[in-house]
Amino acid sequence: MGAAHPEAMAPPKPGRTRTAPPQMPSTWWSAPRIRTYLLFDATGFIYFLVGFHAIHMIRALGEGPEAWQAVMSSLSHPLYILFHVVALASVIFVAVRFFRLFPKAQPPSIGPAKPPPGNVIHAMLYVVWIGITLVMSLALSGVIF
Amino acid sequence: MPTTEKTIVLTRFDPDKDETPRKQEYQVPCEPSWKVLDAVNFIKDELDSTISYRWSCRMAVCGSCGMMVNGEPKLTCKAALDEYGSRVEIEPLANFPIVRDLVVELDGFMHKFESVKPWIIRAKERAADMENLNEKGTYSQSTEELADFKQFSMCINCMLCYSACPVVANEPEFLGPAAIALGHRYNLDNRDEGTEERHEIFRGEGTVFSCSYANECSEVCPKNVDPAAAINQAKFGAVIDWAKGLVLPRGGSN
Amino acid sequence: MDVFRHDIVIVGGGGAGLRAAIEAAENHPDASIALVSKVYPMRSHTVSAEGGAAAVARDDDNLELHGFDTVKGSDFLGDQDAIQFFVEEAPKELALLENWGCPFSRNEDGTVATRAFGGMTTKRTWYAADKIGFHMLHTLFQQSMRFPNIVRYDEYFVSKLLVDGGTCRGVAALDIRTGEYKTILGRAVILTTGGGGKIFPFTTNGTIKTGDGMALAYRAGVPLKDMEFVQYHPTGLPGTGILITEATRGEGGYLRNNQGERFLVDYDYGVGNKAELGPRDMISRAIVQEIEAGRGFKGPYGEYVQLDLTHLGEEKINSRLPFVRELAKTYVGVDPVHEPIPIRPVVHYMMGGVDTDIHGATSLPGLYAAGETACVSINGANRLGSNSLTECLVFGAAAAQHAMDFAGGSSEGNEAALRAEAEDEAARVENLRGRRKGGEKISEIRRELNGIMEASCGVYRQQDSMQAGVIEAAQLRGRVADLRLEDDSKVFNTELITALELANMVEVAETLAVSAAHRKESRGAHTCKDFTTRNDQDYLYHTMAYHDPAGPRLGKKDVVLGKWVPEERKY
C-alpha cells in the first residue's frame, strides 16, 4: 500500500533516468504522531453528524410541539448521550490542538504593532472559550437573560 | 566494544535491473553509540558495496542523509540506532520519486526553492542604496529584528518536512514547508523589500493556502525551524497584501 | 558524448566556488558560468564551519594588526603580499555577505558583532551564533540563484582536467545520476573543491572532503604547495571527530586535564597569557603532551581532555553557542551547561594545496584555484581560526575576476581534441565500473591509508615514521590501481565515485608524506621530534610537490617577505 501522488515533487523537466514513483512507507499510518493527526481530521465526520442532527431538530421545531417533544425525549436515549459525549470530547481535542498551534501562526508584527507573546495568546484563547461557554450555558438554561 | 546484532532492511532499486523497488536484508553488528547512518555505512563498507545513498557531514547540518526509518522521516546521522528494536527498515524519503536505492530525486524541490526568490530584494541597486548602509557597509539590524526571522533561517534543506506533509503527498504543485519557510524568512528580514513579490508567489500556483496546518512538518523538523508556523504566518501576510492590492492597485507600501 | 560550452567552469560549489560564480555572473551578465559540483551546493562542507569569519571591523583594530597576526600565526611562512591583499579585501567581502542577507549576530547599536578568536590580537571575528559556515553557504547559494547565467551541474563528478595547447580548457565530468560522461568546456577553469581531510581517520571533515581538486591539478602538472602543513583543530569530539568550535574558547571556555588544571595556564606551552586563545597548532601540541604525560582521560574512543563551559551560564551558551550544545548532547550525551565536553585534536584543514599566485592563477594557463583547495599562501604553516571563510570569499572573487579576464582573451581550443581526451577518460573510468577482477577492497585501502597518515603525519612527527609513511603511501598508490568493485550499475553508482575519490586521496596523501619527511625543522603545524626548532636559514621556503610516475618530486618556492621580519613566535 501507500503510494503517494505519482507526481509528488514532480521535476520541471523530464527525469533523466527512470524513477520509481514516490512511495509512502507501508506503515505510514502507524506512527503515534500521524495517528494523532488522523484522529484530528476524522473528527470532521462527527461534526457532519452533529450538523445533520441539528437540521433534524430544526425541522422538528417547524413541525409543531408534538414533533419537538418527540425529539426532546429521544435525546435521553443512551446512544444519543454517548454520541454527544464523543462530540464534546472531539471539540475539546480539536480546540486544545488548535489553541496550541494558533499562537505560532501570528506574524511578528502587524504594521507597527507587535502581537502579545505566544503564551499570552494561548491563555487568552482558553479564557475566551470558557467564558463564552459559561455565558451560553447560563443563558440557555434560563439562569440569565 | 559489545555489539548487538540487528536486521537492517534497505530498499533497493536499480532502474536498469528492477521493475519496482525491492527490499534487501542485512545482519549488522551494531555498537551502542551508533546512529542509523553508521549501520548503513557498515553495510556499504563490509557487506554490500553496491548500495547507494547520500551523506556527508554526519553532524546534522548538511541535510544529505534524510531517509525513512521504520516509517518516520529521520536524519540518519542524528537518529540513534539503539532507539530501534532488532529490525530496522530504512526506505528512501517519502513523496519523492526514487532514483536509486535510498536516493531520491530532488529536482522538484530545487525548483520550488528557487521560485520563492530566496535572496535579499532591494528596490535600489547597491551603489544607489548607500545611504541605507552604515559606515562599515552593512545594514543596521537589531538583535530583536534578527530574532524575528532567525528561526526560519535554520533550515538545512533535508526535506524531511516534505516527506511528512500530507498535502505534498497529494498535490505536486504545493510549494511545501521548506520553500515557504525560506520565502517567509526573507519577508521577515528587515533588510529585505520583496515581501509583496513573494506574497504574490505564495498566492500563485503553489499556493500556501493548500496547507491545512497538519503541523506534521514541524513535528519532524530536526532543526526546530517550525515551517508550519511560517506557512500560517505567511497566509496572514499574503491575504493582507491581496486586500491592499484591491484597495490600492499597484500595491501600498511594504 | 554531450559537450557543453561556457565562459568559465567552476569545480566545487562551496563557499569559494559560489562566491566565484556570483562574482563572475554579476559582473558579466552575458557570460555563461558553469558550476559543477559532486553534491548539491548546500551540502558542501563549508556548511559545517561554526566559529566565524575574520575581518577588521572595530575602531581599535586596523589592517596592519590583522596582517601581522596572520603572518605570525603562519609562523612566517605566509606570503606577505597575499596577506596584505587578503586583510584589505576582507572587510569589503564580509560587508557584501551581510548585504546579501547573512544573519550575523549584532551589537546593541545594530552593527555586526565580533568575537575573540585564537591568535587574534583583538575581536575581529564576525559571527552568526555558532553556525557561520551554514549561514554563509546558504546565503551564497541563495544569492547565486538570482543569476540565470550560472548553470549548475549538480551531482557531476569531475575526474579530469582537459588541456589543449598547454591551456586548461574544460573538464570531463561523470554525471552521477545517469552514469555517463559529459565534456564541459570553458575558457578558464577554477578549482574550489576544498581540502582532503578524509585521508586521516579522525577529522572534522565530511565524507566528501577527498582532495579531488588538488589531485586534478597535480595530475595536470601543477605543483601542490606546502602539503606537509595540516591543521589539527584542538577541540573535536572523540570517535566522530565532530567539530566543537574555537568560539567556545573565544567566549571564555577552559581546557582542563584530569587534575582539573587549566593546563595551558599552569604549564608553559608557549601561548603566554592568551591561554586557550593561542594558535591552534600550539594548543593541539599542548593537548597531546598532556595526554602523553598521563594527565588525560581514557574513553572508549581513545584519550581526551575536557573543554569546560560550565561557568559560562545557560543563557550565554544558548545565545552564542546553541549548536555546540546540541552537538554535545546528540553525539557524546553531555550537556555543556552542566558538564565539560570531552575533546581531542582532530584534523581540520589543509594549509597546503594547489600552488597559486595572489590572483588565484596556477602554473597552468587557464587553471585557477581558491579556498582550501588553493595555497596562495596566506596561511603558511598554520592558519588562524576564522581566516579561512574570509579566504574563500576574497580569493573566490579574485580568482573569478582573473579567470573571466583570461577567458576574455583566450581562444576556444580544439574541440575535437578536448572531446577525445574526455572520451579516453570516460573509457578509463568505465573499465573501473564493476571491476570484479580487482584484488583490493575499497574500505580496506581507505582504512590502511588512514592508519598510515595517523602514524606518520600526526600532531608530533618523527623522521623514521615519516619515511616509513612515504614508502607505504607509494605502495598504496600501486594497490589502488587494482581496486575491486562490485557494483556494475550505471545509475547513481556511488561505489565508482568512492573509488575515484580514493585514488585522489592516495595521491594527496603521498605528496603530504613526502613533503613532511623532507622538512627537517619544526614550523607551525609541522612538528618534528628530531628537529624541534624552526630553521629559517635552511627552510624558509614553500615546499613544492610535482607529479612524477616514480613519486612526488620536490621543489622550492620563495616566501614573499615584507615588512614583518621573521622572529621568534611567542605569545
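In strand E18 of chain C, C:Val354 faces C:Leu224. This is a predicted model, in which local features need pLDDT of at least 70, side-chain atom pairs count only at pLDDT 80 or more, and totals for chains, interfaces and linings use all residues. Residues are numbered from 1 along each chain as its sequence is written, while chains are lettered from A and ligands numbered from 1 in the order in which they are written.

**The sheet in chain C**

Strand E12 (residues 224-225) and strand E18 (residues 353-355) of chain C run antiparallel, joined by 2 bridges. Helices (H or I, at least four residues) and strands (E, at least two) are DSSP runs, numbered from the N terminus. Two strands pair if DSSP finds at least two bridges between them. Strands of a sheet pair through backbone hydrogen bonds, either parallel or antiparallel.

E12 and E18 belong to an open sheet of 5 strands in chain C, ordered E20-E18-E12-E25-E26, with mixed pairing. Strand E20 (374-375) and strand E26 (553-558) of chain C each have a single partner strand, so one side of each lacks a neighbour in the sheet. Helix H5 (residues 212-219) of chain C lies across E12 and E18, at about 35 degrees to E18(C). Axes are lines fitted to C-alpha atoms, for helices over the stretch in contact, and angles run from 0 to 180 degrees between N-to-C directions.

**The nonpolar core**

The largest nonpolar core has 268 residues. Such a core is a set of buried Ala, Val, Leu, Ile, Met, Phe, Trp, Tyr and Cys residues joined through C-beta atoms within 7 Å. A residue is buried if 20 or more other C-beta atoms lie within 10 Å of its own, exposed if 12 or fewer, and partly exposed in between; C-beta atoms are placed from the backbone. C:Ile8, C:Ile10, C:Val36, C:Val171, C:Ala173, C:Val189 and C:Ile190 touch the most other members. Helix H15 (residues 494-518) of chain C gives the most to this core, with 15 residues.

Leaving out residues up to four places away in sequence, C:Ile8 touches partners including C:Ala24, C:Ile33, C:Arg187 and C:Met404. Two residues are in contact if their C-beta atoms, placed from the backbone, lie within 7 Å.

**Chain B**

| Property of chain B | Value |
|---|---|
| Secondary structure | 9 helices and 7 strands |
| Span of C-alpha trace along principal axes | about 65 × 40 × 30 Å |
| Buried share | 56% of 254 residues |
| Share of contacts (separation of 6 or more) from residues 24 or more positions apart | 65% |

Chain B is divided into domain 1 (4-103) and domain 2 (106-247); the bounds come from an automatic or database domain assignment. Their C-alpha centres lie 31 Å apart. Each domain puts 12 residues into the contact. On the domain 1 side, strand E3 (66-69) and strand E4 (72-75) each supply at least two residues. That side has 8 nonpolar, 3 polar and 1 charged residues. Ala, Val, Leu, Ile, Met, Phe, Trp, Tyr, Cys and Pro count as nonpolar, Asp, Glu, Lys and Arg as charged, and the others, Gly among them, as polar.

B:Glu145 lies in helix H3 (residues 143-150) of chain B. B:Glu145 counts as partly exposed because it has 18 C-beta neighbours inside 10 Å.

**Where chain B meets chain A**

Here 37 residues of chain B are in contact with 31 residues of chain A. Elements of chain B that each supply at least two residues include strand E6 (98-100) and helix H2 (107-115). H9(B) gives the most to this side, with 5 residues. The chain B side divides into 19 nonpolar, 10 polar and 8 charged residues.
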